[in-house]
Amino acid sequence: MKHFLASLSLLGAFLHSLAQRAVPASEFLLEGDYVLGGIFDIHRSVTVYHDRPKAINCSSQPFILPSYRRFQLMRFSVEEINNSTDLLPNVSLGYEIFDHCSEVHNFPGILKLLSADSLIQPWAEPHKNLSKVKAVVGPFSSTDTLTVASLFMMDLIPMVSYGAAFSALKEKEIFPSFLRTVHSNNNMIEVIVTILQHFNWRWVAFLNSDDSFGEDGWDMFIRRIKDTEICLAYTKRLNDKTDNYQMFKQIDSQRIGIIIVFAPELGAEALIESAIELNVTNKVWIAVDTWSLNKKLLKEKGIKQIGTVLGVSQPVVTIPGFSEFIHHSKSQTHCENAGQNVFCNQVCNCRSLTPEEILNMDPSYNFPVYSAVYAIAHALHNTLQCGTDTCNGNFTVFPYMVLAELKKSNFTLLNQRIQFDEKGEPMFGSYSIVFWNHSGEAEEIGFYRFHPSDHFINSSSIHWYTKGEVPTSICSKECAVGFAKISNGIHKCCFNCEICPNGTYLNITEDPYECINCKDTEWSAAGSTSCNLRELEFVPFTDIGAILIMVGAWALVVLTVAMSVLFAINYNTPVVRSAGGPMCFLIFGCLCLSNVSVFFYFGKPTASSCVMRLFPFIMFYTVCLACFVVRSFQIVFIFKIAAKFPKLHSVWIKYHGQWLFITLAFVTQALLLLFGNMFAPPKPHNETSWYPDKTIIVCEMNIKASLGPALLLVSLCFLCFIFSYMGKDLPKNYNEAKSITFCLLLLILTWIIFATGFLLYKSKDIQTLNALAILSSLYSFLLWYFMPKCYIIIFQSHRNTQEYFQGLIQNYTKTISN
């Protein structure tokens, strides 16, 4: 540490001694009451590897013409301010400018700017280590700025850059005294994306320089296109080792038509010259402001063959008086002898340049340099509390005072209001959108303003390489209406198209990649972009089928009541007793109660109506079937079993076996229905799968809950069929078993027809069919079991006598005996 401190002290002493020497007149130096620092990259050193430290002579390095023009613009601005009577009256501004020709070898000049009239003391208080300069204009590039910015930040020396666009420079925690008169990379990327979206270009390549400027631009571009339809198909960092042939070959193989080149001027020049040499054609090149007005490339032979070049540039602002200054300045003699200057990067090998050559250089960044100098001058004017004729020079001006006033800048310069936001970003300026026309000029075709935000692009002024039509750059063609994009790679711009099926729709503004399901109350055809309301359907009471079935249900009630009266009148006759006697009235009552279910199949289904559709029918039809099971069993029992098993017959008679069986069936079914409706009752359900455009309101049944009652019904039906079939050979005129068998066959056939219709035919009318099946089940017993007996009672009374029945039984007994 001691050695390091000693080295710094020696360096400071050396710089101090050099500063005391008389320096001949130079373009880089101007004495004044207050000195501004300037950093311009007039030369650019060629990187060469050395095995030991070696000094670099900046004046021997390649010359950058546009930077020399900006260098002269700072000189002009200071001279103009010194000649002004309104700004800094009776105060002279001086400058000390250094050529930032190398990121590595520029520190002697920077340290000289930081040095005072005493030795450099790194740990001294800021006011005790006073810099000779009050503010610095520059540097130009982001990389150069990042290299030296920290040295100025520690003493809050204002840096006003006229070209550094690195977005992180606005972070005040790291760069508290940094301001700039150009917009950041984030704003540049915003303009580029606006151009891409304006021409609907989605498949692009992004080539950036391998430095902080290029990396920052790439990062900003990735973030900006995240939620857009633009895809970064190819990206490459450009440096001396880049294989341009392979790079352009890959771009061609991916059919990329748009190439964004986010690089400094020299890197862009090398890339475009390589593209011309490699015969790259039919591309749209988008240039950033570092090279969009490049005079060399505009006149390059073969530039027309590479395609169409669009660019984002700093607006070309004419600075009044600058032309006269250049003509006057170049007529003066400045010392060009490096041996007589303090530092080699304060020497310029540019005496041979004519005023016309300087004025014809790339005019980019004219106004940023001009406004940077004027912003510092206005800040110093306010710091010195200047009036109309004089300034207060009775106190020491510290750089942090100038910084405070710089942040509050608010003045008009060439019709622009110069202001900075809290992060030191400019609240003025705009970008021009240019097109490289066939005359070798960058023609302005639009603009992008930030305060307030506004933009315009005159597409008709562009002469495309496609000879009229705007070039396209897409990975996949847009899908037709109603077709969703199905990604087929890592890029969202590459996709296949698939039609949205029935019941879905595509909203391209919300999500072009997914078919959205319609609501349960909506429907859509294949390839739809919206849903339509479904037509709600159920069987109303006014339906003709419903009316007929309800009439039939009321007719069944009337017929049942009539038969009950007839059987009651003829209660003691053999026909009534053979039909079941008192059991007939139970069957009539249960048929009427089962009939209630029919009326709940019409109208809009509700929770209660869904329960009533099956509960009365299953409950009381179970009793009916149980009665017919008992009746068919009794017939077979009397004629075939009683004689062989007399004790069994006596027990059956004694304990009223028929009523026990009916009661057991009723209670069992009642419990099954009660538990089923408690835990999983039937409920209304919107059936949307039957029709694409209709919703059928049906009653949804729980299969597990309805399985028990259904099995009990089927079991009773099966028993009834067995017993009735056993009695098929009983006397012809006394064969209730045959009637029951026929009724059961009709019953089974009815429900087979219904089940078939339910599986094959899906519509609201299936509910009508269900009601008809129930009504048919009731009529099957009423018509084919009881109606023949009513006929005998009314029209064949001679067959309804005791003698007739006794004769039939005796004949059957003789037949069995034989």
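Predicted model: local features only at pLDDT ≥ 70, side-chain atom pairs only at ≥ 80, totals over all residues.
P684 stands opposite C699 in β25. Strand β24, made of residues 683-687, pairs with β25, made of residues 694-700, in the antiparallel sense, and five bridges link the two. Together β24 and β25 form a hairpin, with six residues between them.

Strands of a sheet pair through backbone hydrogen bonds, and the pairing is either parallel or antiparallel.

Elsewhere in the chain is an open sheet of eight strands. Reading across it, the order is β8-β7-β9-β10-β11-β14-β15-β16, and the pairing is mixed. The edges are taken by β8 (231-238) and β16 (453-457); each has a single partner strand, so one side of each is left without a neighbour in the sheet. From one strand to the next, the twist averages 20 degrees.

Two helices can then be placed against the strands. Helix α5, residues 185-198, lies across β7, β9 (258-262), β10 (283-287), β11 (307-313), β14 (430-436), β15 (442-450) and β16. Its direction is at about 170 degrees to β9. Helix α8, residues 265-277, lies across β7, β8, β9 and β10. The angle between α8 and β10 is about 170 degrees.

Note on methods: Residues numbered from 1 in each chain as written. Heavy atoms only, no water. Pairing = 2+ DSSP bridges. Helix = DSSP H or I, 4+ residues; strand = E, 2+ residues; numbered from the N terminus. Axes fitted to C-alpha atoms, helices over the stretch in contact; angles between N-to-C directions. Contact = heavy atoms within 4.5 Å.
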